Amino acid sequence: MALINLAIADDHKIFREGLKFTLEDYTELNLIIEAINGKDLIDQITNNKPDVILMDIKMPEMDGMQATAYIHQHFPEIKILVLSMHNEDKYILDAMRLGASGYLLKNAEPEEILDAIVTVHAKGFYFNDNLSITMAKELLGINFMHRLHQKEAKLNEREIEVLKLICEECSNSEIADKLFLSVRTVEGYRTRLFEKIGSKNIAGLVIYAVKNGIITI
């Protein structure tokens, strides 16, 4: 695998150091830029372009949203992964509208951060369950439902229970605990839901659940 040149933009040195320590074992990553805010980042990438940027939102002088918009406009080949403590839909949607290619929380596991970096570099985007659910809510909110065609699905009571918990952003292990099932059993239910509903992602499950009155948003 070719090296992925990486930039980190965050005003907290302790977080930058922790992130560097977390990612240092992954030999496919090459950290070339550390920036303390959006302006510092833009000044550096003018002469030293990374492939992927890990971008905080709240930074002084020029925040992550402003930097994301500028970089997306002037350096569209650079992929931006927002890495933030903010889990509210507004932050997620604003970042994606401004040109981010993915959105992670700062408490994400190292493996997920690596997966996101590699995926966004290869495919141009990274959607985890949380982002998929947020985007699904947005699509529903602006009346895109009529463009979505899904299979007619007959779900049993247990499948509906699992679907509701997926829509609440519960992980497989959390669902297993709530329903007194094994994680493997939950994984089986999740797979069957994708097959029955005809969806390939979490967003499709959320849209199906709303359309059929299983959940409300």
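Me: How do the axes of α2 and α3 cross?
Reply: This is a predicted model. Helix α2 covers residues 38-45, and its axis comes within 9 Å of that of α3. The two axes cross at roughly 25°.

Me: Which term describes α2 relative to α3, roughly parallel or roughly perpendicular?
Reply: Angles under 35 degrees count as roughly parallel. The α2 and α3 axes cross at roughly 25°, so α2 is roughly parallel to α3.

Me: What is the angle between α8 and α9, and what term describes it, roughly perpendicular or roughly parallel?
Reply: The axes of α8 and α9 are 8 Å apart, and the angle is about 110°. Angles of 65 to 115 degrees count as roughly perpendicular. Therefore α8 is, relative to α9, roughly perpendicular.

Me: Which residues of α9 make the contact with α8?
Reply: From α8, the contact uses Asn 172, Ser 173, Ile 175 and Ala 176. Their partners in α9 are Val 183, Val 186, Glu 187 and Arg 190.

Me: Where do the buried residues of α8 lie around the axis, and which helices do they pack against?
Reply: Asn 172, Ile 175, Ala 176 and Leu 179 are buried in α8. They cover an arc of only 100° around the axis, so they are on the same side of α8. The helices they pack against are α7 (157-167) and α9.

Me: What is the phi of Phe 180, and is the residue buried or exposed?
Reply: Phe 180 follows α8, in the loop between α8 (172-179) and α9 (183-197). Its phi is positive, about 55°, although Phe 180 is not a glycine. Most residues other than glycine have a negative phi. With a relative accessible area of 77%, over the 50% cut-off, Phe 180 is exposed.

Me: Where is Glu 61 found, and what is its relative accessibility?
Reply: Glu 61 is not a glycine, yet it has a positive phi of about 70°. Its place is the loop between β3 (52-55) and α3 (64-74). Glu 61 counts as exposed because its relative accessibility is 64%.

Me: Within what arc do the buried residues of α4 fall?
Reply: In α4 (residues 89-98), the buried residues are Ile 92, Leu 93, Ala 95 and Met 96. Seen down the helix axis, they line one face, because they fall within an arc of 160°.

Me: Which residues are exposed on the other side of α4, and what phi does Gly 99 take?
Reply: The exposed residues on the other side of α4 are Lys 90 and Arg 97. Just after α4 comes Gly 99, with a positive phi of about 125°.

Me: How many aromatic pairs are found, and which residues lie over the faces of Phe 15 and Tyr 189?
Reply: The search of the whole structure gives zero aromatic pairs. Over the face of Phe 15, at 4.3 Å from the ring centre, lies Lys 106. Over the face of Tyr 189, at 4.6 Å from the ring centre, lies Arg 192.

Me: How many helices and strands are there, and what share of the residues count as buried?
Reply: The protein has ten helices and five strands. Of its 217 residues, the share that count as buried is 44%.

Terms used
Residues numbered from 1 in each chain as written. Predicted model: local features only at pLDDT ≥ 70, side-chain atom pairs only at ≥ 80, totals over all residues. Heavy atoms only, no water. Buried < 20%, exposed > 50% of the residue type's maximum accessible area, 1.4 Å probe, protein only. Helix = DSSP H or I, 4+ residues; strand = E, 2+ residues; numbered from the N terminus. Arc of directions from axis to C-beta. Phe/Tyr/Trp six-rings, centres within 6.5 Å; stacked < 30°, edge-to-face > 60°. Lys NZ or Arg CZ within 6 Å of the ring centre and 35° of its normal. Axes fitted to C-alpha atoms, helices over the stretch in contact; angles between N-to-C directions. Parallel < 35°, antiparallel > 145°, perpendicular 65-115°, else oblique. Contact = heavy atoms within 4.5 Å.
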